[in-house]
Amino acid sequence: MAETRLPQDLALAAAARAERARGARVAWSLLAASPTTLLGLGLVLLLILTALLAPFIAPYPDDATKPVLHIRDRLKPPSWAHPFGTDELGKDILSRVVFGARVTIEIVLRVVGLAMLIGVPLGAMAGFLGGWVSTVLLRLTDVFLALPGLVLSIAIVMLLGPSLSHAMLALALVWWPGYARLTQGQVLSLKQEGFVEAARCVGVSPSRIIFDHILRNAVTPLIVKASLDMGYAILAAAGLGYIGLGAQPPTPEWGVMISKGRNYLADQWWYTVFPGLAIFLSVLGFNLLGDGFRDMLDPNAHGR
Amino acid sequence: MLRRYLLRQLVAMLPTLVGITLLTFIISHVAPADPVRFAAGPHATQEQVEQLKRYFGVDQPLHLQYLNYLRGLLGGDWGRSIRSKQPVLADLARYFPASLELVGAAIFLAVLLGVPLGVVSALRRNSLVDNLARVVAVAGVALPAFWLGLLLQLTLAFQWQLFPAVGRYSPELGRPAAITGIYTLDALLNGNWTAFSDTLRHLALPAFTLAVNPLATITRMTRASMLEVLSRDYIKTARASGLAPWTVITKYALKNAMIPTTTMIGLNVGWLLAGSFLVEAVFSWPGIGLYTVESSFYSDFQPIMGSTLVIGLTFLLVNLAVEALYGLLDPRIRYG
């Protein structure tokens with residue numbers, strides 16, 4: 001009934017808007033005060049834009065998307081026509097690196113998204129219910145956390161067969177315990193907070209307490225973890241691609257490109273160097289951004 | 001007291017260990033890629049396949065298979081590699097020392113460089129060294145180790161020929177007589193200096209490649225905890241009572257700052273064992289990483305499960321050792 005709003009309501013809504021705008025300004029000023037966070041944000045935006053605009057940026061889009069062969073352009077060093085050189089099939093490496101950004105974005109979203117989709121509800125459930133549910137979850141996550149992720153994901157990929165989607169699934173299956181633990185810890189500590197107690201006293205329904213009061217406040221540390229994990233997801237997926245257990249050629253995935261380039265390392269350095277640089281800059285972007293988020297949310301971390 | 005504490009921790013590890021075996025069992029026994037068929041070859045008759053199934057024990061119900069599997073693990077039967085036809089435990093014993101050597105050297109390098117770098121950057125904040133440390137810390141965790149390894153091969157091995165690109169020893173010199181399987185150590189124990197410098201030169205590039213990531217985290221951790229400790233009152237007291245700055249830093253500050261760093265080092269051992277998979281593949285370093293990766297191309301599950309177990313076990317034991325170290329660093333810590 002928006003038409004019959006009382007003046008106080010309008011004033012409240014305006015105040016809330018102003019508060020949000022102030023929040024955004026504060027966030028921006030914190031961001032602008034940290035050059036490394038800005039650099040991280042810039043690198044991540046660059047990655048996203050490259051992925052979105054790949055067909056327009058890549059000089060030879062067909063080289064990344066179609067099975068083509070340019071015999072006369074095999075393994076050419078960087079030049080104006082091919083700034084990153086060409087590979088053993090005469091494909092333009094710049095175009096393939098540009099399209100690799102799409103694969104990378106897909107990896108980042110799928111791995112971290114799926115890990116959160118599994119971990120957050122389980123962690124929240126264990127945090128609320130406590131008792132044997134949380135004991136079982138703790139034991140289960142102990143097992144996963146006792147094994148370095150890459151080892152377990154290699155085992156899972158082999159079980160399923162090497163492919164990019166299996167590699168992403170395996171990484172998510174290995175990473176969800178981190179999110180479960182984090183969410184559980186958050187829920188446990190938030191459950192004790194005064195404002196949750198107060199909400200319960202005035203008769204707010206349990207489901208609203210869970211979603212509006214607890215999970216909303218647990219989101220920030222999850223965002224920090226997710227942005228850092230995105231960098232690690234790129235590294236892990238590229239690593240799996242490199243040893244042949246991730247994306248398969250001719251997918252323009254950076255790890256696979258490096259693994260192919262390795263055969264020509266001594267004489268055709270550009271084949272290996274440029275895809276690796278792309279991995280490095282993307283991971284750097286997510287790490288700097290994640291560190292920046294953490295510093296913003298945790299005032300104690302300043303100056304460390 | 002410490003012994004009792006460690007014993008209790010060992011017992012507390014048991015559920016996790018059982019969990020790991022359950023996980024590896026599930027992965028290896030619900031595998032759609034049929035290793036028995038692979039071992040039998042494409043022209044095997046049904047009868048031969050059945051015979052092989054009995055040989056590998058995969059014709060029984062799952063829970064019995066798991067119990068057999070556990071009994072086997074405890075009795076030293078870790079299965080058989082279908083590819084090498086060797087018992088997995090024997091294979092692991094052959095490959096594990098190489099990984100241990102690599103990871104040990106990497107941790108050694110990371111601590112040797114990272115702790116002083118962290119201390120100096122905490123003492124001289126925003127100096128050149130501090131900024132350098134920051135770059136190392138940020139870049140170190142973002143660099144794909146396998147790519148860094150390839151770059152080092154390209155420059156230091158192929159172009160300038162300072163270090164060998166692959167392997168653990170020069171074939172013309174031969175490997176040092178095996179004692180521990182850690183070749184640099186074996187060469188030392190044999191008093192064979194030529195072999196020692198040869199194996200050390202082979203170790204240099206892979207160890208440095210693997211060290212970059214822990215170097216970054218150890219530097220950061222040391223810097224942060226040094227800053228924390230340096231602001232404490234007892235440091236001010238020590239300084240005010242006229243102790244030499246060097247004594248204050250090493251005996252008072254660093255010793256206390258090393259507790260979080262030690263935890264970091266312990267965690268790193270586990271991560272490095274996994275990280276070594278890629279580095280071993282780049283440098284053809286015959287450790288369990290290379291063993292596992294190569295087994296994976298043949299759908300050879302037992303070796304992979306064996307490596308997973310060994311790595312999980314090492315990880316748990318190292319962290320136990322780290323907890324025991326805390327007491328040495330901080331006498332207030334009691335193991336109750």
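Guide: Gladly. In this predicted model, the axes of α12(A) and helix α7 (residues 145-159) of chain B come within 10 Å and cross at roughly 145°.

Visitor: What makes the crossing of α12(A) and α7(B) left-handed or right-handed?

Guide: The crossing of α12(A) and α7(B) is left-handed. The word applies because the near helix is turned anticlockwise from the far one by less than a right angle.

Visitor: Which residues make the contact of α12(A) with α7(B)?

Guide: From α12(A) come A:W269, A:T272, A:V273, A:G276, A:L277, A:I279 and A:F280. Facing them from α7(B) are B:F146, B:W147, B:L150, B:L151 and B:L154. They are said to be in contact because heavy atoms lie within 4.5 Å.

Visitor: How are the residues of the contact of α12(A) with α7(B) divided by class?

Guide: There are ten nonpolar, two polar and no charged residues.

**The whole interface**

Visitor: How many residues does the contact take from each chain?

Guide: Chain A gives 39 residues and chain B gives 46 residues. Between them the two chains bury about 3,800 Å², with 80% of that area on carbon and sulfur atoms.

Visitor: How many salt bridges does the rule find across the interface of chain A and chain B?

Guide: The count is zero. For polar contact, the rule finds four residue pairs across the interface, both residues being at pLDDT 80 or more.

Visitor: Which helices of chain A supply at least two residues each of the side that touches chain B?

Guide: They are α6 (131-145), α7 (149-160), α10 (206-242) and α12 (269-297) of chain A. Of these, α12(A) gives the most, with eleven residues. By class, the side of chain A that touches chain B has 30 nonpolar, five polar and four charged residues.

**Each chain by itself**

Visitor: How many helices and strands does chain A have?

Guide: Chain A has twelve helices and zero strands, and its C-alpha trace spans about 75 × 50 × 45 Å along its principal axes. The secondary structure of chain B comes to 13 helices and zero strands, and the C-alpha trace of chain B spans about 85 × 55 × 40 Å.

Visitor: Which peptide bond is cis, and what is its omega?

Guide: The cis bond joins A:P249 and A:P250, with omega about 10°. A:P250 is found in the loop between α10 and α11 (254-261) of chain A.

Visitor: What is the phi of B:N126?

Guide: B:N126 has a positive phi of about 60°, although it is not a glycine. B:N126 lies in the loop between α5 (88-123) and α6 (128-142) of chain B.

Conventions: Residues are numbered from 1 along each chain as its sequence is written. Chains are lettered from A and ligands numbered from 1 in the order in which they are written. This is a predicted model: local features need pLDDT of at least 70, side-chain atom pairs count only at pLDDT 80 or more; totals for chains, interfaces and linings use all residues. Side-chain values use heavy atoms; hydrogens and water are left out. Buried area is the accessible area (1.4 Å probe) that two parts lose on being put together, summed over both. A salt bridge is a side-chain nitrogen of Lys or Arg within 4 Å of a carboxyl oxygen of Asp or Glu. A polar contact is a pair of N or O atoms within 3.5 Å; within protein, one must be able to donate a hydrogen and the other to accept it, and residues adjacent in sequence count only if both atoms are side-chain atoms. Helices (H or I, at least four residues) and strands (E, at least two) are DSSP runs, numbered from the N terminus. Ala, Val, Leu, Ile, Met, Phe, Trp, Tyr, Cys and Pro count as nonpolar, Asp, Glu, Lys and Arg as charged, and the others, Gly among them, as polar. Axes are lines fitted to C-alpha atoms, for helices over the stretch in contact, and angles run from 0 to 180 degrees between N-to-C directions.
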